[in-house]
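Have a look at it first, then read on.

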Amino acid sequence: MAEIRPEQQTTTISRTFLIKPKLKPKPRTQSQTPESKYWSSFKSTQIPNLVSSISSISFSPSAPHLFAAAYSASLSLFSPLSLSDGDVSPSFTISSFSDVVSSLSFRLDGLLLAASDLSGLIRVFDVKTRTPLRRLRSHTRPVRFVKYPVLDKLHLLSGGDDAVVKFWDVAGESLVLDLMGHKDYVRCGDCSPVSADMFITGSYDHTVKVWDVRVENSRSVLEVNHGKPVEDVIYLPSGGLIATAGGNSVKIWDLIGGGRMVYSMESHNKTVTSICVGRVGKGNGGGEAMEDRILSVGLDGYMKVFDYGNMKITHSMRFPAPLMSVSLSPDCRTRVIGTANGIIFAGRRKGKENEESGRGNVLGFGSTVEPERRVLRPTYFRYFHRGQSEKPAEGDYLVMRTKKVKLAEHDKLLKKFRHKDALVSVLGRKNPENVVAVMEELVARKKLLKCVSNLDAEELGLLLMFLNKHATMPRYSSLLMGLTQKVIEMRAEDIRSSDALKGHIRNLKRSIEEEIRIQHSLQEIQGIISPLLRIAGRR
Amino acid sequence: MMRGGRSFVSSPPAFSNDAKKLLVCAANTVSIFSSATGLQITSLEGHTALVTSVIVVPASNPAAKVLCYCWTTSLDGTIRYWDFSVPELIKTIDIRMPIFSMVIPSFLDVPVEDNEKHRDLFAYLSTEDTKETQEKPKVLRRQIRKCNLSKSRLVGRIILGETKKPEVLTVSPSGKFFGIRNKFKLHIWKVPDLGSEHAAVRKITLHHTKKITAIAFHPTQRIVAAGDVTGRILTWRGFGNRTFAAGKGVANEKLIDVQEDNPGVRDNDDADSCSTWHWHPAEVNVLSFSSDGAYLYSGGKEGVLVVWQLDTGKKKFLPRIGSPLLYFIDSPDPTLSSISCADNQIHLLKMPSMGILKTISGIKAPCSYPEMYNGLGNGIAFDQTAGLVAVRTENYCIQFYSLFDDRGISKVQVRERNHQPGDDVTVVVTAVALSLDGSLMSTAEVKLAEEGIGGLVCLKFWASGSQNKEFSLSTIVYEPHRDAGISAVTFHPSGHMVVSSSFGGDFKVWICNSESIQNDQMHRNSSWTCHAVGSYKKKPMTAAAFSADGSVLAVAVETLITLWNPYKNVLLSVLGETLTPVVTLSFIGKSDNLVAASRGSKPQLSLWSMSKLSLSWSYKLCVEAVASAVDLSSFAVLALLPEPSNETTFEGRDGVILLFNAIDPVPTAIWSVRKAKGGALGLLQVNPSSAEEISIDGKTPEVLLVYMNGDHEYVLFDPYSKDAYEVSVSHKEGLAALEPKGQAGQFGYASIYGELPEFDMKRNGTPWVPSFPYERPWETIFAGSSHNLPPLTKLCRTFLESLLEKRTE
């Protein structure tokens, strides 16, 4: 029997320290709040080359949340799942419209899609077969919006430049109600998430009207004045609040409180074109504590996220084009923004992708075969590895093994006092921080200049290339400027004899001249500012 | 009076017979440590000079292993015999010559026949002949002598050898030979078999071309190994075959000699062969054979213990010990041995694996720094509440050493860099500051530039956990004052403000923003940010101090002292002017007095009154350190004596500690000390809660003065105690670092300064010298940083008024 003795604790005298770059300063205010991290976590993909402005984007309410985008006289359906694979081609495109498609809406089960165009026609398609099922024609002027109610499969709401809001029965292709009251083009509308009978429309006459189909005389129930032509209007998920966009402001109104304005958000510089509601996960696990936000996009190319609980802009993001439409998938995994120049910025957030696709597989291929667990025997190779991947239980006493210090190649070389090799190895790695750290260590060993004098022509080229690239960086310049001068002084002969090195020196000269120019202009600016500051400081 | 901080590595230590104790020579005493815990058990006190060797009487049979007797030698010329379990002095032999080393070969030579006759115990000593200075050439005064320990006397006039320098005797584990190294030579004596006094001792000499630095004998065979300054290890096999063979026919041997081929043996040395190993890049300090003779341990300046397999020459290493090795000692327990390092650490090794079991940590020795950084204080900070001292060490650490327990507590790696002993010093920790409660630390370090590129100044802030003294890094500031060096770092009394002054002409006030993160279990996250920058006429700032309540910040601008409001960063006043730049500033407790010390050609110690904004008094004293405590009205000053001091009066003492009482220019007490250069002073306040633990000379003082000399040995005493004098008298003969000259102020003062004309009281005739900026306001109108300049209209008026005033004069 072997006697088990506790290993006596021994310690090492001194640790090995790696050559580490200097620490970077931490900003005093955190640049990334959890929320902005959330919004930047949408991995953006561009869908280019759509002919013109993306007038409308709509998500299917049912998983996997296909989205449709209307542009020019066609509409395309995209799958968000393929987006994450980098596939930006649409699953299908319908281009049998006679005029520009203005608005799209999915039915609540995601099986039907309604599309309106500027010829005044509304068409309903079957999403699966792409066949046009119904044509609704009554508008005399271009239709600007079409909307399926949130709780109702049978009806459809539309509005257009004839200032009339129409309520349709889709199955019979018949008009149920004509709602008159707007004095200008009706541009937008939304259906209440809590009632099948209530909806709102916004018009260029600056007003937003609340309608109820149960009201006898087809008059609006409530009216609020936005003060600017209304571009978009939405119900907030509670059903009691609405948000309207017009001009460069987004306003929030309390309908239950009689159409009182709650807040006016005016941070866009140009017209706000589209708003939608998004949810943000508070806990990192996601899902449990979601808060609602209003996403607004404008012609100024900004997307702003507005927290209407705290009345605060929590995130702002710039896109390189005027933005026309925004939509977020109901599961908040996909965010799609359409621009005026035919590019869709589709962003998808990483999440429990596998779970969904796993479920899809189960449906697709039937049950997968569970691998049978075999009893381990000493004849198996795995028998000898059993228990090695066992995780410690709660109360187990852990015998910690000292962590092995992982040495980079330059660390190993420095340990062996092969200073030049260490410098060359780290120069080859293209990490400027490490290069500077190694150089500083060499200075501490008083070996840097010796290394420089020992470099051969090729390695010298490497060093000059590095200096050319980074000597003017403010973080490194204090060391690298001095070093550059020394290198040129020490190796003037070698540089003169090699054309490649001369080229590097030319580049170096150019970047130094550029830097001097920058410094000059900065000094000019400083000269302008400093008297101002002095005056301001005296007050 | 408490002493501590002694060097544990002045001489080789020794293990007791059961390997449970380690006897370490520490200055005048032998400290006995437990090898299991690494803590001190007791000490043998009695020698009055440095103890140079300790030899444990080995156990002849297993039953005798519990016996604890040892012999010690000292520079005071005595050999003492102790029972170190009690501990008790048994016997003293006075030979009246300083002893540098002693070996007792007969301990190791196991007596084969334990016959009826009790044999005398002989020891061989390395001594210095102090008497015959006239007769002999001075160079050969160190002698190897034989001593009969049983009869307590030296044996006749036998002088085995004479050397220029005191040499350490090395005895072979078999007890048959002992040897010394002497420059390029190795002298080996054979111990006579008989226990008679006058038996002839035979000697051979082995030669080498380099200076030999270490020597070791093989336990069983006739092999001797020697290391030299270049790092080579030479092994002579079969040394002394001819000389020690007790052969009579000299002619025969000569014949053999002709035939024999002795590879590697130089000249006509008496050895069979000589082989060389070379791994060490620098001199070999440690050589030792393992007890079975299969391995040879070697170590040297580079701090790596090398294990050579004797037959094959294969090597194994224990790398990165971090400090030059001095001694390697085997214990009777084969699994335990110890190495002593030059940084005053003794590591106990678990043997076959060479893991470190325990470390006996003495205070680290001061390290050499480049000349330009020597003047910047001495890198010693005292933690007043916990009784700790923080000293900087060579491997970029700060060591925390408990003054009361006399042992190392912890260390903080200030710069994460692999230290190589013997490298050029290129990275220097220049300043250490501790907050009053000892929970925060700030360090400044400098990386020297290589031919003008790559220099870096770094200011670091550290915070310790609530319980332990483990400091963790909180903030790093690279180049806090551009490329200028930091002259001083000082904590605000509240601990949440630090001021760093630089030679670049500005000082910065740093404040601590602490925010606690809840989800991380009370993890305090503090960061330091620059709060304000101040400068005065772009002159170098040389020292800084906060007043006791923290409302005034004094910054020395070369010869002037500027007073600032640290919160608003407003220049309050300027005091002037000393003769040479001020290097140390300190407020005296709660009183409104500021003491400033300057060095250089015209050193000065001056006291400034804050209420009158003028000089109270000054002395021409070269001040090394100033100590003041928050709640005290008195302060202590360590002053260096001028070079041509009177030898008879000062007995090699080169400094004095003066205790002043605030404004009174007459010191209340004076002590003279040794090795004051590079020393430090601290006033520790004993808080009542821990008062029971700290009692010195039987009673509890409320304040303790710490004096730490240039070698980091320290002494703690009550500066107000009346019997400090008597206590130290008993230590008068010894290597006492300190001895009071008298504490009745006027007497001691007169006794010293009567002899020293340089110490003329330079007290000014007028009691208060008004500082001149008040007479000439135009000199200070434009002083201070630009952002707190008064508006131009105001300036103009003052300026014109001042001119008008002048004209009326």
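Which residues do ring pairs link into a cluster?

1. Keep in mind that this is a predicted model. The cluster is in chain B: B:Phe461, B:Phe491, B:Trp510 and B:Trp528 are joined by ring pairs.

2. Stepping back, searching the whole structure turns up 33 aromatic pairs over all chains. One of them is B:Tyr69 with B:Tyr81, a stacked pair with 5.7 Å centre to centre and 20 degrees between the planes. This pair links distant parts of the chain, 12 residues apart: B:Tyr69 belongs to strand β7 (residues 69-74) and B:Tyr81 to strand β8 (residues 78-83), both of chain B. As for accessibility, B:Tyr69 is partly exposed at 25%, whereas B:Tyr81 comes out buried at 17%, because buried means under 20%.

3. Now try B:Tyr401 and B:Tyr714. Their ring centres are 6.2 Å apart and the planes sit at 75 degrees, so this pair is edge-to-face. B:Tyr401 is in strand β32 (residues 397-402) and B:Tyr714 in strand β57 (residues 714-717) of chain B, so the pair ties together parts 313 residues apart in sequence. B:Tyr401 is buried, with 0% relative accessible area, and B:Tyr714 is buried too, at 3%.

4. Chain A has a couple of charge-over-ring contacts to check. The charged end of A:Arg318 sits over the A:Tyr302 ring, 5.7 Å from its centre. Likewise, A:Arg349 lies over the face of A:Phe42, and the distance to the ring centre is 5.7 Å.

Definitions and conventions:
Residues are numbered from 1 along each chain as its sequence is written. Chains are lettered from A and ligands numbered from 1 in the order in which they are written. This is a predicted model: local features need pLDDT of at least 70, side-chain atom pairs count only at pLDDT 80 or more; totals for chains, interfaces and linings use all residues. Side-chain values use heavy atoms; hydrogens and water are left out. Rings of Phe, Tyr and Trp (its six-membered ring) pair if their centres lie within 6.5 Å; planes under 30 degrees apart count as stacked, over 60 as edge-to-face and the rest as tilted. Helices (H or I, at least four residues) and strands (E, at least two) are DSSP runs, numbered from the N terminus. Buried means under 20% relative accessible area, exposed over 50%, partly exposed in between (1.4 Å probe, protein chains only). A charge sits over a ring if NZ of Lys or CZ of Arg is within 6 Å of the ring centre and within 35 degrees of the ring normal.
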